[in-house]
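The sequence and the structure come before the comments.

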Amino acid sequence: QKPILLQGHERSITQIKYNREGDLLFTVAKDPIVNVGYSVNGERLGTYNGDTGAVWCVDADWDTRHVLTGSADNSCRLWDCETGKQLALVKTSSAVRTCGFDFGGNIIMFSTDKQMGYQCFVSFFDLRDPSQIENNEPYMKIPCSDSKITSAVWGPLGEFIIAGHENGELNQFSAKSGEQLSNIKEHTKQINDIQTSRDMTMFITASKDNTAKLFDCTSLEHLKTFRTERPVNSAALSPIFDHVVLGGGQEAMDVTTTSTRIGKFEARFFHLAFEEEFGRVKGHFGPINSVAFHPDGKSYSSGGEDGYVRIHYFDPQYFEFEFEA
């Protein structure tokens, strides 16, 4: 089946995100453009204009009213999803690497990079208190002096966040007190991406150490490991099957020195329980930087270093194969 190709960016894709219903797909890249389109046919709905640097992260709240973006221009911005109007701007001291709404959509968190002499922080703002945004005063700020946060997601019920670090560590931070609830180190290199399962009981990490790993959200117990022979940039869990999709490839700087076949830019599918690879999907002309399953599990999207987003709908055989298996 031919994928739907989205050509809304001039630079490499940094993150793609479906809203909760899955009818919209948000894409951000190393250009200042934030795009939103229909996931069913790839038609572009519009852009959120205002960022002036590479946009590292994007998130939509549970009822798709607001969109959050974090950018290398040292800002985190809140947008009205429907009109594209910028509702709030939070200035930071360094680039915003990861951001997200809590389950109710009232609290936002974002992490800033350790750069230009500034420390890495996770900041929490309550959108119900407009003075926090106006005065640029988060209700809580957690410093991360050891190793910068490279990816973070909210845990179930918004009680804590799970943060992945440059040195391969995983931390749980309480969203109420800011204290570190637990800390483990299962990866040997940087964690590039964290995504939770649909019911938020598990999450999967993608790392530069050529593996993706599955963990329990609450206990951080390590459950499964999916091994490849190249850095994994992104990993996602199917909402309906025991399937995992991984996207990755070589470091971007090494890409030109090898042929596309050796570069291994396919999306790779693994069985969640057996940790075995059962399929690959070719297409991108460079490493895949972000993958995401549609909330109904019938399609998935991938965004690559080549600046393209590809929406793949699964063949009917895919569903038959799973039920037979």
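**Notes on the model**

1. Residues 48–89 form a span that is 0% helix and 55% strand, with its end C-alpha atoms 13 Å apart. Helices (H or I, at least four residues) and strands (E, at least two) are DSSP runs, numbered from the N terminus. This is a predicted model, in which local features need pLDDT of at least 70 and side-chain atom pairs count only at pLDDT 80 or more, while totals for chains, interfaces and linings use all residues. Residues are numbered from 1 along each chain as its sequence is written, and side-chain values use heavy atoms, with hydrogens and water left out.

2. Over residues 281–311 the chain is 0% helix and 52% strand, and the end C-alpha atoms lie 11 Å apart.

3. The whole structure contains 19 aromatic pairs. Tyr48 and Trp79 form a tilted pair, at 5.7 Å centre to centre and with 55° between the planes. Because Tyr48 lies in strand 5 (residues 44–48) and Trp79 in strand 8 (residues 75–80), this pair ties together parts that are 31 residues apart in sequence. Rings of Phe, Tyr and Trp (its six-membered ring) pair if their centres lie within 6.5 Å; planes under 30 degrees apart count as stacked, over 60 as edge-to-face and the rest as tilted. Tyr48 is buried at 2% relative accessibility, and Trp79 is buried at 0%. Here buried means under 20% relative accessible area, exposed over 50%, and partly exposed in between (1.4 Å probe, protein chains only).

4. The rings of Phe269 and Phe293 have centres 6.4 Å apart and planes at 75°, so this pair is edge-to-face. Phe269 in strand 24 (residues 267–271) and Phe293 in strand 26 (residues 288–293) are 24 residues apart, and the pair links distant parts of the chain. Phe269 counts as buried at 4% relative accessibility, as does Phe293 at 8%. One aromatic cluster is formed by Phe241, Phe269, Phe278, Phe293, Tyr300, Phe314, Tyr318 and Phe319.

5. Two charged side chains sit over rings. Arg97 lies over the face of Trp56, 4.1 Å from the ring centre. The charged end of Lys141 is placed over the ring of Phe121, at 4.6 Å from its centre. The criterion is NZ of Lys or CZ of Arg within 6 Å of the ring centre and within 35 degrees of the ring normal.

6. Which residues make the nonpolar surface patch of about 360 Å²? Tyr38, Val40, Leu45 and Tyr313 make this patch. Patch residues have over 30% relative accessible area and no salt bridge; like charges are joined within 9 Å, and nonpolar side chains (Val, Leu, Ile, Met, Phe, Trp, Tyr) within 5 Å. A salt bridge is a side-chain nitrogen of Lys or Arg within 4 Å of a carboxyl oxygen of Asp or Glu. Accessible areas come from the Shrake-Rupley method with a 1.4 Å probe; for residues, only the protein chains shown count as cover. Tyr38 is found in strand 4 (residues 34–38) and is partly exposed, at 34% relative accessibility.

7. Backbone angles deserve a comment. Most residues other than glycine have a negative phi. Asn74, although not a glycine, has a positive phi of about 60°. Asn74 is placed in the loop between strand 7 (66–71) and strand 8, and is buried, with a relative accessible area of 18%. Asn136, also not a glycine, has a positive phi of about 55°. Asn136 lies in the loop between helix 1 (130–134) and strand 13 (140–144), and counts as partly exposed at 29% relative accessibility.
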